[in-house]
Amino acid sequence: MSERAFTWLVRLYPAAFRRKYEQDTLQLYRDRMRDERGLVRRVRLYRDLMVDAVLGAPQAWRNSYAEASADTLAGDVSGLPGFHLLDQEPLRAGAVAIGFVFSISALVGFGLVMRLPAPVCAARAGATLSPIEAVMDRLNRAIAAPRNDAGERAAVDGGSAQAQLTTNDAARADKSAERPLSASEKGQVVQGVAENLTAHYFDRQKALATMERLRELEKQGEYAGIVDGRMLAERLTADVRNATGDPHVSVAYSRNAIPNAGPARPTASALIQYRTVMLKQNCSLEKMEILPGNVGYLKFNSFPDMEVCGASFHKALAQVGGANAVIFDLRDNTGGFPETVAEVAAPLFDRTVAWYNPKQTQSATTLTPAAGSKLANKPVYILTSSRTFSGAEQFTYNLKMLKRATVIGETTGGGGHVGVFHRVDEHFGIGVPETKIINPYGGPDWDGVGVEPDVKVKAVDALNEAEMRAAKQILR
Amino acid sequence: MPKRKFDPLPTAAFQILLSLADEELHGYAIMRQVEQQTNGRMRLGPGTLYSSIQGLLEEGLIEEVDRKAEPETERRRYYRLTSSGRKLARTEAERLADLLRVARAKNILRGDYV
């Protein structure tokens, strides 16, 4: 056994032992190597050393080596907290390796978490933001990615399009964003809200009463303590809803400046851009498949303008027209045009049904069935997720209420429909229902709460679930 | 229970105590002395030897001898028995003697001394 091998054996022993006796043990080893020569004695020596290394270790570990640590603890007399090195053993290679592995995995884990697309956050944002704020939030996001832009604008506020915020506007808004509200500003906001209500709300009597109520509250100093725009918007929303009894009125605050564009129609260039984007994305039609058992599967991520996408949509619907069942995958569908929603639903009926459209401009609507559709009596499944929003929720809600579809997946995002948006000032706006909305199905809709699925499963599992149910349904 | 660590006294520790009974020795000399007094049956390796020595030191059964006279390079640690170490060795020896008497009474061991 070489001296090197011997020092390895000594590592079985505690560090304190090695500190004190390493030289001694080496010395003993050398002495014995020197004195015990010849094959037999050498072999005996090697055996001795190995057996000894193992047998001596327990005793070595039982010893306290108190002497060695006594001096490092000796300074603890003043009662002050101190830093004591209890063991001067250098870091072992193993410890360093484990530390390395842990740090790398922590880093990788963090990186993965950061890369996730955060659907949960989106859902939560949808829940805590007021409906208009959610819309504004999406509009603001659209600046970064001008996708579906014109469509959304036209869709969310029923045609009175908001011009897209320019980056200049955003920059300007950031500067003024953190400034607390002054009393006069608040007064102007309250006044603006009241004026917009009386001007646009479908029930003028209620609007006037609400105006009185808001002025009263302001006089009583109810808004005096509010300095934050968002809080003021929330408070005004509550007060207006209380006074009107209408949950679809909403006051919104936007950190970013709301452009003073007025209710302009989308410009020609915006429409051209929309058309280009839509056609490039195949009108958001992501997938058209006939699954085993002749089950038609359609995944589309918006309800685009039929003027642009009519042909694509009708073609896709025709392709699933002969199916035994249809699955509409709306898990990534963020809504669009109410007219498109109706048009996609039409082939599913063979009779006229009551059709709920909270963005309608005239009350009481029905849905006329598409002529010659073979889908009218076929099972329909709708896949939802927490990202399913707005128009996609209307589609889901109506078909669910009409018992025409089985909704599978997660509760939808709960996008609001708040009538027509009016700008109050640079940071405040109000959504006013200009026509009385009649829900033919009775009861509350999905505003702020989302559509509950019939079959609650995780969004990722929804397709499997639907396929299984479709197969069973077809066999029946 | 100050002596718990060496109750019962391990053979190696007892042999070390015995080897130091009449002179101060360094590690290697202890090892040779033990070998001799056990007729070559026990050859202490470095691990057993020094962990036992450390244990005995901690219990105050032996002590290190300061030998400043030796040159630094040749310096080895010498150990000697303390009075409590001597007492413990004697107790252990008496225990073994009792054992022998019993063994002899049971006719397991024959002989006429001890």
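This is a predicted model: local features need pLDDT of at least 70, side-chain atom pairs count only at pLDDT 80 or more; totals for chains, interfaces and linings use all residues.

A: Start with burial. Phe17(A) is buried, and Tyr21(A) is buried too. Both residues belong to helix α2 of chain A, which covers residues 15-35. They sit four residues apart, about one turn of the helix. Now look at their rings. A search of the whole structure turns up 18 aromatic pairs over all chains. In the pair of Phe17(A) and Tyr21(A), the ring centres are 5.2 Å apart and the planes meet at 45°, so this pair counts as tilted. The cut-offs show the reasoning: stacked needs planes under 30 degrees apart, and edge-to-face needs over 60.

Another pair in chain A joins Phe303(A) and Phe395(A). Their centres are 5.5 Å from each other, with 40° between the planes. This pair is tilted as well. Where do the two residues sit? Phe303(A) is in the loop between β3 (295-300) and α14 (306-319) of chain A, while Phe395(A) is in helix α16 (residues 391-401) of chain A, so the pair ties together parts that are 92 residues apart in sequence. Both burial values are given as relative accessibility. Phe303(A) has a relative accessible area of 1% and is buried. Phe395(A) comes out at 0% and also counts as buried. The cut-off behind the word is under 20%.

Arg11(A) lies over the face of Trp8(A), 4.4 Å from the ring centre.

In chain A, 27 residues are in contact with 25 residues of chain B. Together the two chains bury about 2,100 Å² between them. Of this area, 50% is on carbon and sulfur atoms.

Next come the charged and polar links. Four salt bridges are counted between chain A and chain B. One salt bridge is between Arg32(B) and Glu36(A), whose closest N and O atoms are 2.9 Å apart. Across the interface, 15 residue pairs are in polar contact. Which elements of chain A take part? Helices α2 and α3 (39-62) of chain A each supply at least two residues of the side that touches chain B. The most comes from α2(A), with eleven residues. This is the helix that holds Phe17(A) and Tyr21(A).

Now turn to chain B itself. It has four helices and three strands. Along the sequence, their pattern is α-β-α-α-β-β-α. Chain B has 114 residues, and 43% of them count as buried. Take its contacts between residues at least 6 apart in sequence: 50% of these join residues at least 24 apart.

Thr82(B) is in the loop between β3 (78-81) and α4 (83-105) of chain B. Thr82(B) has 12% relative accessibility, so it counts as buried. What does its side chain reach? The side chain of Thr82(B) reaches the backbone oxygen of Gly60(B) at 2.7 Å. Leaving out residues up to four places away in sequence, Thr82(B) touches Gly60(B), Leu61(B), Ile62(B) and Glu63(B).

How values were computed
Residues are numbered from 1 along each chain as its sequence is written. Chains are lettered from A and ligands numbered from 1 in the order in which they are written. Side-chain values use heavy atoms; hydrogens and water are left out. Rings of Phe, Tyr and Trp (its six-membered ring) pair if their centres lie within 6.5 Å; planes under 30 degrees apart count as stacked, over 60 as edge-to-face and the rest as tilted. Buried means under 20% relative accessible area, exposed over 50%, partly exposed in between (1.4 Å probe, protein chains only). A charge sits over a ring if NZ of Lys or CZ of Arg is within 6 Å of the ring centre and within 35 degrees of the ring normal. Contact means heavy atoms within 4.5 Å. Buried area is the accessible area (1.4 Å probe) that two parts lose on being put together, summed over both. A salt bridge is a side-chain nitrogen of Lys or Arg within 4 Å of a carboxyl oxygen of Asp or Glu. A polar contact is a pair of N or O atoms within 3.5 Å; within protein, one must be able to donate a hydrogen and the other to accept it, and residues adjacent in sequence count only if both atoms are side-chain atoms.
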